Amino acid sequence: MSKQQIFDDLSSLLDEVDHLPLEADERKRLHGLISDIERHLDDEVDTEEQTLDMGDTVDELVTRLEADHPSFTGVLRRVMNALGSMGV
């Protein structure tokens with residue numbers, strides 16, 4: 001998956017977050033997470049600790065949301081797998 005495809009998926013996720021029936025704090029966390037991923041892709045110089053924190057956050061959110069929002073979490077997992085395969 002190319003960087004452009006990842007950015008396109010992230011843009012789609014942002015749009016979807018605004019339409020999901022979520023608590024305000026979950027919506028805010030998802031927006032923050034997607035922004036962090038975009039910054040991480042742009043910078044490519046984040047520390048390993050930041051990458052691990054982002055991965056933990058994704059895992060936690062996916063676990064909480066996957067039963068009610070499987071397509072959303074599927075795209076999020078695909079993005080994270082693509083980042084991992086790119087070494088980001």
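Hi everyone, this is a short walk through a predicted model of one protein chain.

Let's start with the overall layout. The protein chain has four helices and zero strands, and from the N terminus on the order reads α-α-α-α. Of its 88 residues, 34% count as buried. The accessible surface comes to about 5300 Å², with 46% of that belonging to carbon and sulfur atoms. As for contacts between residues at least 6 apart in sequence, 67% of them join residues at least 24 apart.

Now, please find helix α1, residues 3-17.

Which residues of α1 are buried? They are I6, D9, L10, L13 and V17. Looking down the axis of α1, you'd see these buried residues fall within an arc of 100°, so they line one face of the helix. Here's the handy rule behind that kind of pattern: an α-helix has 3.6 residues a turn, so residues three or four places apart point the same way. And the cover over the buried residues of α1 includes α2 (24-43) and α4 (70-85).

One last stop, for those of you who like histidines. H69 sits in the loop between α3 (48-65) and α4. Is H69 buried or exposed? Its relative accessibility is 12%, and the cut-off for buried is under 20%, so H69 counts as buried. Setting aside neighbours within four places in sequence, H69 is in contact with L20, P21 and L22.

Note on methods: Residues are numbered from 1 along each chain as its sequence is written. This is a predicted model: local features need pLDDT of at least 70, side-chain atom pairs count only at pLDDT 80 or more; totals for chains, interfaces and linings use all residues. Side-chain values use heavy atoms; hydrogens and water are left out. Helices (H or I, at least four residues) and strands (E, at least two) are DSSP runs, numbered from the N terminus. Buried means under 20% relative accessible area, exposed over 50%, partly exposed in between (1.4 Å probe, protein chains only). Contact means heavy atoms within 4.5 Å. Accessible areas come from the Shrake-Rupley method with a 1.4 Å probe; for residues, only the protein chains shown count as cover. The arc is that of the directions from the helix axis to the C-beta atoms.
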